[in-house]
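This report goes through one protein model, from its aromatic rings to its charged side chains. Keep the sequence and the 3D view at hand while reading.

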Amino acid sequence: MSAASSSKQNATLVVFERDLRIADQKALLEAANTGPIVAAYCLDTPLKALLGGAQKWWLHQSLASLDAGLEGYGGRLILLSGNDRAVTLIAFCKANSILNVSWTSRNDMFSGHQSRDSDSILAEKLRDAGLTVSIYPGQLLHQPAAIRTGSGGPFRVYTPFWRVVAPSLENVKADAAPEKIVFAEVPGGETLAAWQLMPTKPDWSGTLADAWQPGQTGAHHNLAAFIEGALTGYDEDRNRPDKAGTSRLSAHLAFGEISPAQVVEAALKHRGKVPDNDLETFLKEIVWREFSYHLLYQKPGLATENFNASFDRFPWGSDNTALKAWQAGQTGYPIVDAGMRQLYQTGWMHNRVRMIVASFLTKHLLLDWRDGERWFWDTLVDADAASNAAGWQWVSGSGADASPYFRIFNPILQAEKFDPKGDYVRKYVPELAKMRAPFIHKPWEAPDMELISAGVRMGNTYPRPIVDHGKARIRALDAYKALKDPL
Ligand code: FAD
């Protein structure tokens, strides 16, 4: 380590959270401007238990990338673990005579997924141990509690939330990376390999590695490519899973490898160079992420509890065979199966298809949205405590500003509209690759000659639909009526 300092007493322990970046990282910048630092990541036992498989894979890569970035400043990332975060951090500070600790606010600590100390509880424990604690914003554009309606309450509906947030986007300014960082030398730290975040037996990570480059470099590459390319046309093309019409920034944002401020600032610099409607629609999506955190802040149990309590009476079914078919992409509805296979293979699914598969699970199969939320949580690289829970509750109808339950996506019409040639299905459901549109979206209706020439044997090479769309729709509406009826 070239730039080590001997004074640890005035050093700050910067604990990285979901902010695995060096630029626009206030906790790091402020500490680096004040004196020597120790950069650390702490994988406590509850946090490790919480992470899904795809997130673990991403975290491994992202920490390696952050470590390499810090190495460029002459330092390294210290890896810490332990059963209790507060105990681990206090012990580390004591052992190294460190008196100051800082981090970026961890807004996901509200999540019903976890039993972890919130920012304020953790800070209190550290302060009780004699440490000075500083917590900085940055994971979001606005702290969830800061956005208020005219009467001072929180928002439940997106559009008025957007109207309040939109003007502030003009003033968004991302910080540069620190010019230099002085690292206090500390012994030890663990190795990434010892954390065993990478899958083994089977190692399914090859397909993820083909699809993604975790870390800041990959994040900024995606941002630049999107702004130069798909931002023009985004308003329409974002709905097309057969096109590369979106930014693919979600996992980078979820791990904080890029900040929302960096994304907004870069997009707004292109005002005048891209159509206004495309720019505005993109900013609205970034603000949906903010809105999801605003909901999570109001309902800490968002991942497990209906936002709309009347859904507590909803008669969800419990068909494990159907759930397994959905998870495996074997429902017999090609657009649903393509989405679920894209998810499993790449750790990501197109937003339009997320809505289709979520609607299919909760309405066609009448299965609880929490089953879907958990599966997404385990398999998405961008799994996010707020956006995942809010997305599922929005589709199922139980959310704050939800799509009404009686709006049931027709998977065939959706596929014909948003994947008109069937290219998306063809890519992820190769057994249908030789089928032509429109039959590729409803192979059970294809004439025998069509099936024969495409090499498809229904019920053999590709499953027949596990439910009939028309009947499933009526069943879902009946279930919804039962919910509406007074007890
Ligand atoms: P773009 O279209 O390029 O959008 C830019 C950014 O805006 C995204 O990276 C994301 O951070 C944000 N964003 C876009 N749409 C939404 C939205 N509807 N809600 C919140 N933020 C949004 N997104 C997650 O990041 N993590 C999740 O776990 C997640 N789970 C979802 C579950 C369901 C059932 C649904 C319907 C949506 C979910 N989303 C989730 C939202 C959305 O599908 C993804 O953010 C988007 O597909 C990511 O692709 P992108 O980065 O190319 O998006």
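## Aromatic rings

Ring pairs join Phe 311, Phe 314, Trp 316, Tyr 405, Phe 406 and Tyr 480 into a cluster. The model is predicted: local features need pLDDT of at least 70, side-chain atom pairs count only at pLDDT 80 or more, and totals for chains, interfaces and linings use all residues. Residues are numbered from 1 along each chain as its sequence is written, and side-chain values use heavy atoms, with hydrogens and water left out.

A pair of aromatic rings is described by the distance of the centres and the angle of the planes. Rings of Phe, Tyr and Trp (its six-membered ring) pair if their centres lie within 6.5 Å; planes under 30 degrees apart are stacked, over 60 edge-to-face, and the rest tilted. This rule gives 26 aromatic pairs. One of them is edge-to-face because the ring centres of Phe 376 and Trp 392 are 4.9 Å apart and the planes stand at 75°. The two residues are 16 apart in the chain, with Phe 376 in helix H17 (residues 369–379) and Trp 392 in helix H18 (residues 385–396). Helices (H or I, at least four residues) and strands (E, at least two) are DSSP runs, numbered from the N terminus.

Are these two residues buried or exposed? Buried means under 20% relative accessible area, exposed over 50%, and partly exposed in between (1.4 Å probe, protein chains only). Phe 376 has 3% relative accessibility, so Phe 376 counts as buried. Trp 392, at 2%, is buried as well.

## Charges over rings

A charge sits over a ring if NZ of Lys or CZ of Arg is within 6 Å of the ring centre and within 35 degrees of the ring normal. Arg 18 lies over the face of Phe 255, 4.5 Å from the ring centre. Arg 248 lies over the face of Trp 348, with a distance of 4.2 Å to the ring centre.

## Two helices

Leu 66 belongs to helix H3 (residues 53–71) and is buried, with a relative accessible area of 1%. Contact means heavy atoms within 4.5 Å. Leaving out residues up to four places away in sequence, Leu 66 touches Phe 16, Leu 20, Arg 21, Ile 22, Leu 77 and Gln 216.

In helix H14 (residues 320–328), the buried residues are Ala 322, Leu 323, Ala 325, Trp 326 and Gln 327. They pack against helix H15 (334–346), helix H16 (351–364), H17 and H18. At the start of H14, a side-chain oxygen of Asp 319 comes within 3.1 Å of the backbone nitrogen of Thr 321. After H14 comes Gly 329, which has a positive phi near 70°.

## Salt bridges

A salt bridge is a side-chain nitrogen of Lys or Arg within 4 Å of a carboxyl oxygen of Asp or Glu. How many salt bridges does the structure hold? There are 20. In one of them, the side chains of Asp 44 and Arg 85 meet at 2.5 Å, N to O. Asp 44 is in strand E3 (residues 37–44) and Arg 85 in helix H4 (residues 85–95), 41 residues apart. Asp 44 is buried at 1% relative accessibility, and Arg 85 is buried at 6%.

Asp 242 forms a salt bridge with Arg 240, the closest N and O atoms being 2.7 Å apart. Asp 242 is partly exposed, at 23% relative accessible area. Shared partners also join Glu 17, Asp 44 and Arg 85 into one network of salt bridges.

Definitions and conventions. Polar contact = N/O pair within 3.5 Å; in protein donor to acceptor, adjacent residues only side chain to side chain.
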